[in-house]
Amino acid sequence: MTEPTDSDKGGLPEHPPVLTGEELTESVLRSLRLAAKRAHLLAYQTGTGVVTRRNGKVAVVPPDPAMYEDLIPPPFQASD
């Protein structure tokens, strides 16, 4: 027989482990990369530019297909 968990008792479920150090850094960087990819995809879909800051200057650049190509599902191909 297993021990009842907090959620079985009507309480809140246990929350996920807290990330620290290198794990936290990697998680934040992964999230920022995904946000940048989504921004480029959205800019491509809407025909707008991506706002960036380089060398202290704000610039609007065209979306880079290399940033979002892995977010677009491959085209449907009918089987023969």
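Residues are classed as buried under 20% relative accessible area, as exposed over 50% and as partly exposed in between, using a 1.4 Å probe and protein chains only. By this criterion, 10% of the 80 residues of the chain count as buried. The structure is a predicted model, in which local features need pLDDT of at least 70 and side-chain atom pairs count only at pLDDT 80 or more, whereas totals for chains, interfaces and linings use all residues. Residues are numbered from 1 along each chain as its sequence is written, and side-chain values use heavy atoms, with hydrogens and water left out.

The chain contains 2 helices and 2 strands, arranged along the sequence in the pattern α-β-β-α. Helices (H or I, at least four residues) and strands (E, at least two) are DSSP runs numbered from the N terminus. Contacts were defined by heavy atoms within 4.5 Å. Among contacts between residues at least 6 apart in sequence, 38% join residues at least 24 apart.

Strand β1 (residues 50-54) pairs with strand β2 (residues 57-61) in the antiparallel sense over 5 bridges, where pairing requires that DSSP finds at least two bridges between the strands. Val50 lies in β1, and its bridge partner in β2 is Val61. Val50 counts as buried, at 10% relative accessibility. With residues up to four places away in sequence not counted, Val50 touches Ala39, His40, Ala43, Ala59, Val60, Val61 and Pro63. The C-alpha atoms of Val50 and Val60 are 5.3 Å apart in space, with the two residues 10 apart in sequence. Thr52, also placed in β1, is buried with a relative accessible area of 18%. The contacts of Thr52, under the same exclusion of residues up to four places away, are Lys57, Val58, Ala59 and Val61.

The hairpin of β1 and β2 has 2 residues between the strands. Asn55 lies in this loop and has a phi near 55°, a positive value in a residue other than glycine. Most residues other than glycine have a negative phi. Asn55 is exposed, with a relative accessible area of 80%.

The structure holds 1 aromatic pair. This pair, formed by Tyr44 and Tyr68, is stacked, at 5.1 Å centre to centre and 25° between the planes. Rings of Phe, Tyr and Trp (its six-membered ring) pair if their centres lie within 6.5 Å; planes under 30 degrees apart count as stacked, over 60 as edge-to-face and the rest as tilted. Because Tyr44 lies in helix α1 (residues 21-46) and Tyr68 in helix α2 (residues 65-68), the pair ties together parts that are 24 residues apart in sequence. Tyr68 is buried, at 6% relative accessibility.

On the surface, Leu19, Leu24, Val28, Leu29 and Leu32 form a nonpolar patch with about 410 Å² of accessible area together. Patches are made of residues with over 30% relative accessible area and no salt bridge; like charges are joined within 9 Å and nonpolar side chains (Val, Leu, Ile, Met, Phe, Trp, Tyr) within 5 Å. A salt bridge is a side-chain nitrogen of Lys or Arg within 4 Å of a carboxyl oxygen of Asp or Glu. Leu32 of this patch is found in helix α1 and is exposed, with a relative accessible area of 54%.

Notes. Accessible areas come from the Shrake-Rupley method with a 1.4 Å probe; for residues, only the protein chains shown count as cover.
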